[in-house]
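Student: I have a chain on the screen and a list of terms I keep reading past. Could we go through the labels and check each one?

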Amino acid sequence: MSLIQQYRFVNLILIVLITIGLSISLQFPALAINSNNGADIFEIHCASCHPNGNNIIRRGKNLKLRTLRRRKLDSVEAIAELVTQGKNNMSAYNDRLSPQEIQAVSAYVLQQAENNWHK
Ligand code: HEC
């Protein structure tokens with residue numbers, strides 16, 4: 001290989017490496033969102049009082065679809081607002097969870113309610 005060929009070869013490798021690096025860094029935000037998904041957040045912050053969508057403190061105030069509907073809590077926005085502000089014996093989560101995390105866990109609650117909390 002001549003010197004100029006070697007130079008071109010190194011250049012080519014650099015371009016390939018930069019392309020790979022770029023595509024990895026572009027995918028990284030997606031990975032970050034997946035790692036704090038609604039199911040994980042629910043297990044950590046909610047399942048102690050709401051195992052399988054129940055409510056161990058106020059049994060009637062569970063996370064079943066019929067109950068949520070009756071209280072007009074059958075939308076991600078309504079659940080997110082309750083979680084953000086808290087209610088009676090349930091504390092507010094705006095100091096522990098980011099708006100995105102509250103959004104994710106609320107979407108998970110609604111989705112589980114629609115699936116009747118079948119895992
Ligand atoms: C310390 C126990 C506790 C934890 C932890 C908790 N909750 Fe609650 N949750 C309650 C209680 C008590 C109520 C009833 C509030 C009321 O008086 O209306 C409630 C009510 C709710 C409701 C309304 C249900 C209804 O039928 O009115 C939703 C939705 C809800 N919680 C979601 C969550 C989510 C999501 C989390 C986690 C981010 C969470 N909760 C964490 C105790 C808890």
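Student: Why does Lys 72 count as exposed?

Tutor: Count its C-beta neighbours. Lys 72 has 8 inside 10 Å. A residue is exposed if 12 or fewer other C-beta atoms, placed from the backbone, lie within 10 Å of its own, buried if 20 or more do, and partly exposed in between. So Lys 72, with 8, is exposed. One caution: this is a predicted model, in which local features need pLDDT of at least 70, side-chain atom pairs count only at pLDDT 80 or more, and totals for chains, interfaces and linings use all residues. Residues are numbered from 1 along each chain as its sequence is written.

Student: Where is Lys 72 found?

Tutor: In the loop between α3 and α4. Helices are DSSP runs of H or I with at least four residues, strands are runs of E with at least two, and both are numbered from the N terminus.

Student: Which phi does Trp 117 have?

Tutor: A positive one of about 60°, and Trp 117 is not a glycine either. Trp 117 sits in the segment after α5. Asn 116, which follows α5, also has a positive phi, near 60°.

Student: Why is Trp 117 called partly exposed?

Tutor: Trp 117 has 17 other C-beta atoms within 10 Å, so the label is partly exposed.

Student: Why does Gln 111 count as exposed?

Tutor: Gln 111 has 12 C-beta neighbours inside 10 Å, so it counts as exposed. Gln 111 lies in helix α5. Ser 75 is 36 residues away from Gln 111 in sequence and 9.8 Å away in space, C-alpha to C-alpha.

Student: Which residues of α5 are buried?

Tutor: Among them are Ile 102, Val 105, Tyr 108, Val 109 and Gln 112. An α-helix has 3.6 residues a turn, so residues three or four places apart point the same way. The buried residues of α5 pack against α2 (38–45), α3 and α4.

Student: How do you know that the span of α5 is close to the expected one?

Tutor: The expected span is 1.5 Å times one less than the number of residues. α5 has 16 residues and reaches 22 Å from its first C-alpha to its last, close to the expected 22 Å.

Student: What makes Ile 57 a contact partner of Asn 89?

Tutor: Two residues are in contact if their C-beta atoms, placed from the backbone, lie within 7 Å. Leaving aside neighbours within four places in sequence, Ile 57 is in contact with Cys 49 and Asn 89. C-alpha to C-alpha, Ile 57 and Asn 89 are 8.1 Å apart, and 32 residues apart in sequence. Ile 57 lies in the loop between α2 and α3. With 11 C-beta neighbours inside 10 Å, Ile 57 is exposed.

Student: Where does Ile 13 lie?

Tutor: In helix α1 (residues 3–35). Ile 13 has 10 C-beta neighbours inside 10 Å, so Ile 13 is exposed. Ile 13 and Asn 52 are 39 residues apart in sequence and 52 Å apart in space, C-alpha to C-alpha.

Student: Which domains does the chain have?

Tutor: Domain 1 (1–35) and domain 2 (37–119). The bounds come from an automatic or database domain assignment. Their C-alpha centres lie 43 Å apart.

Student: How many helices and strands are there?

Tutor: Five helices and zero strands.
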